[in-house]
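Biologist: I have the sequence and the structure open. May we go through them together?
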Amino acid sequence: MKAKIFLFALAFAGMTYSAQAQVATKSIKGTQRVQQARIHQGIKEGDLTRREAKHLYREQVRVQRAKVNARRDGVVTPVEKMQVRRMQKQASRNITRQRND
């Protein structure tokens with residue numbers, strides 16, 4: 001009986017850590033979708049060249065990799081979240097700069 005309770009508690013703890021990682025990166029995912037839409041819109045409107053768009057999409061891939069690495073252990077620490085957010089802010093600035101040059 002004690003073994004069942006222990007295993008249940010262990011499984012519950014694992015799900016909790018996983019859920020925390022998902023919640024912490026949910027808003028990051030939304031930001032990334034918006035940025036990709038801005039890049040696509042820039043291509044459509046002719047504000048971005050193929051080369052500029054390729055560079056911006058690569059930057060989005062780097063942000064995605066950083067997010068995956070942050071979630072790898074199941075817990076996104078405040079420092080990891082801050083690093084990903086900083087990368088996203090820089091990517092947003094780059095999108096704006098490239099669309100308006």
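Biologist: Leaving aside its neighbours within four places in sequence, which residues is R38 in contact with?
Modeller: R38 is in contact with S92, I95, T96 and R99, where contact means heavy atoms within 4.5 Å. Please note that this is a predicted model, in which local features need pLDDT of at least 70, side-chain atom pairs count only at pLDDT 80 or more, and totals for chains, interfaces and linings use all residues. Residues are numbered from 1 along each chain as its sequence is written, and side-chain values use heavy atoms, with hydrogens and water left out.

Biologist: How far apart are R38 and I95 in sequence and in space?
Modeller: They are separated by 57 residues in sequence and by 7.5 Å in space, C-alpha to C-alpha.

Biologist: And where does R38 lie?
Modeller: R38 lies in helix 1 (residues 2-45). Helices (H or I, at least four residues) and strands (E, at least two) are DSSP runs, numbered from the N terminus. The protein chain has three helices and zero strands.

Biologist: What does R38 count as, given its accessibility?
Modeller: R38 has 22% relative accessibility and therefore counts as partly exposed. Buried means under 20% relative accessible area, exposed over 50%, and partly exposed in between (1.4 Å probe, protein chains only).

Biologist: Now Q60: is it buried or exposed?
Modeller: Q60, in helix 2, is buried, with a relative accessible area of 2%. Leaving aside neighbours within four places in sequence, its contacts are Q32, Q35, Q36, I39, A91 and I95.

Biologist: How do helix 2 and helix 3 cross?
Modeller: The axes of helix 2 (residues 50-71) and helix 3 (residues 78-99) come within 10 Å and cross at roughly 170 degrees. Axes are lines fitted to C-alpha atoms, for helices over the stretch in contact, and angles run from 0 to 180 degrees between N-to-C directions. The two helices are therefore roughly antiparallel to each other, a term for angles over 145 degrees.

Biologist: Which residues make that contact?
Modeller: Among them are L56, Q60 and V63 of helix 2 and V84, A91 and I95 of helix 3.

Biologist: Which residues of helix 3 are buried?
Modeller: In helix 3, the buried residues are V84, Q88, A91, N94, I95 and R99. They cover an arc of only 120 degrees around the axis, which puts them on the same side of helix 3. The arc is that of the directions from the helix axis to the C-beta atoms.

Biologist: What is exposed on the other side?
Modeller: On the other side of helix 3, P78, R86 and K89 are exposed.

Notes
Angles under 35 degrees count as roughly parallel, over 145 as roughly antiparallel, 65 to 115 as roughly perpendicular and the rest as oblique.
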